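Me: I'd like a close look at one part of this protein model. Could you walk me through it in a friendly way?

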Amino acid sequence: MTLTIASLHIYPVKSLGGFGVAEARTTDRGFAHDRRWMLVDGNGRFLSQRELPAMACLHCAPLANGFRVTDIRGGGALDLPWGITEGASVDATVWNDTVRVIATPEEATAWFTHRLGAPCTLVFMPDSTQRSVDPAYATGITSLGDGFPYLILSQASLDDLNGRIASAQPLTMDRFRPNIVIAGGSAYQEDGWQAITIGKTGFSLVKPCARCAIPTTDQNTGERGPEPLRTLAGFRRGTARNGSPGVFFGVNAMAEAGSVVRVFDTVHIV
């Protein structure tokens, strides 16, 4: 059985659309440039597609020295750098974590407020901010994602799910927001893996990923439906190590920093 990397994905802004890359560099908190920006409300709490499904319609694409956010509903665009070092330093919350971030100039905040129809502020996580992962599962830090640096999912798992849903329009991988998609093998094979290597990079698979409402959101329109959670609940319901019930699809992971992984790299199960 040969396993390879089918695709790699980076999401510069938490809960906005990401983009595929041919190669990605691992850092101490995830792929370089992944989820270092996010939108927060007036209380500094993170915003996501859970509350604002219209965020799905704001898609990011790489530029030479940063990225462009485009509202695919009307074509408006905003260019941003990969990071900033100047601006007001403020506290923000991601779930139960408080993180020190840098607020952007008013022009960027006004653009997102207009596009989403809700007051919000765009903030950036500098290198000086260290956000720990859940120590019940791993040791290390992460960026502004929900809890861990990487999400790994097999294409075979999505193919099986689409076969069970039997929809005229199969669900696309972008609904599940993986960083790494694996080609080859069998559906849900990632459930049983504890560690893999991709090229020369080691990854530790630390917990199954409990799914929220985001996969029910069409990533081009922001519209929601019952799938895939309705189907997943029928055969992927379980309990996490900490006792929390959930519907699981994909696996969260940690990785060694400082190397590059590429599409078509071979995946070895350790």
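Me: Let's start with R164: over the ring of which residue does its charged end sit?

Reply: Happy to! Keep in mind that this is a predicted model. The charged end of R164 sits over the ring of F235, 3.8 Å from the ring's centre.

Now look at the helix around this spot. Helix α2 covers residues 155-165, and its buried residues are A156, S157, L158, L161, N162 and I165. Several elements cover these buried residues, among them α3 (229-235), β19 (245-255) and β14 (150-154).

The structure holds 12 aromatic pairs. In one of them, the ring centres of F31 and Y150 lie 5.0 Å apart and the planes meet at 80°, so this pair counts as edge-to-face; the cut-off for that label is over 60 degrees. The partners come from distant parts of the chain: F31 belongs to strand β4 (residues 30-31) and Y150 to strand β14, 119 residues apart. How exposed are they? F31 has a relative accessible area of 2% and Y150 has 1%. Buried means under 20%, so both residues qualify.

Finally, two aromatic features to find for yourself on screen. F19, W37, F67, W82 and F124 form one aromatic cluster. There is also another charge over a ring: the charged end of R45 sits over W95, 5.9 Å from the centre of its ring.

Notes. Residues are numbered from 1 along each chain as its sequence is written. This is a predicted model: local features need pLDDT of at least 70, side-chain atom pairs count only at pLDDT 80 or more; totals for chains, interfaces and linings use all residues. Side-chain values use heavy atoms; hydrogens and water are left out. Buried means under 20% relative accessible area, exposed over 50%, partly exposed in between (1.4 Å probe, protein chains only). Helices (H or I, at least four residues) and strands (E, at least two) are DSSP runs, numbered from the N terminus. Contact means heavy atoms within 4.5 Å. Rings of Phe, Tyr and Trp (its six-membered ring) pair if their centres lie within 6.5 Å; planes under 30 degrees apart count as stacked, over 60 as edge-to-face and the rest as tilted. A charge sits over a ring if NZ of Lys or CZ of Arg is within 6 Å of the ring centre and within 35 degrees of the ring normal.
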